[in-house]
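The following exercises are to be worked through with the sequence and the model at hand. Each task is followed by a solution in steps.

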Amino acid sequence: MILFLGTKPGKTISKSLPNVVCPYCENKGTLTRVTSTTYFHLFWISLFRVGTSTTISCSHCKGTYFEDEFTEEMKQSIED
Ligand SMILES: [Zn+2]
């Protein structure tokens with residue numbers, strides 16, 4: 001019998017950050033936070049979440065920021 005288990009991507013949540021200034025192009029309200037989760041599955045049934053990654057991207061300069069590059073403003077907007 002073959003066991004189908006492993007990880008699969010869960011849903012991706014996008015949220016715009018209207019009050020945060022992009023650190024590169026200095027435009028306000030152009031940033032979007034994207035949170036994606038990875039699930040552990042058995043026979044394609046999600047059992048539990050194994051990881052979450054958050055990136056913030058700018059629609060103006062097309063810049064993408066990873067968690068270790070977030071400014072204080074970005075971190076505060078995530079906690080809200
Ligand atoms: Zn930008």
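**Exercise 1: Fold outline**

The protein chain has one helix and four strands, where helices (H or I, at least four residues) and strands (E, at least two) are DSSP runs numbered from the N terminus. This is a predicted model, in which local features need pLDDT of at least 70 and side-chain atom pairs count only at pLDDT 80 or more, while totals for chains, interfaces and linings use all residues. Residues are numbered from 1 along each chain as its sequence is written, and side-chain values use heavy atoms, with hydrogens and water left out.

Task: State in what order the elements of the protein chain run from the N terminus on.

Solution: The order is β-β-β-β-α.

**Exercise 2: Overall dimensions**

Solution: 
1. The C-alpha trace spans about 55 × 25 × 20 Å along its principal axes.

**Exercise 3: The salt bridge**

Task: Identify the residues that form a salt bridge, and describe their setting.

Solution: 
1. A salt bridge requires a side-chain nitrogen of Lys or Arg within 4 Å of a carboxyl oxygen of Asp or Glu. The structure holds one.
2. E72 pairs with K75, and their closest N and O atoms are 3.8 Å apart.
3. Both residues belong to helix α1 (residues 72–79); because they are three residues apart there, about one helical turn separates them.
4. E72 counts as exposed, at 55% relative accessibility, whereas K75 is partly exposed, with a relative accessible area of 36%.
5. In general, side chains of opposite charge can pair when their charged atoms come close.

**Exercise 4: A loop residue**

Task: Locate T30, decide whether T30 is buried or exposed, and list the residues that T30 touches beyond four places away in sequence.

Solution: 
1. T30 lies in the loop between β1 (5–17) and β2 (31–42).
2. With 15% relative accessibility, T30 counts as buried.
3. Taking contact as heavy atoms within 4.5 Å, T30 touches C22, S57, C58, S59 and H60.

Conventions. Buried < 20%, exposed > 50% of the residue type's maximum accessible area, 1.4 Å probe, protein only.
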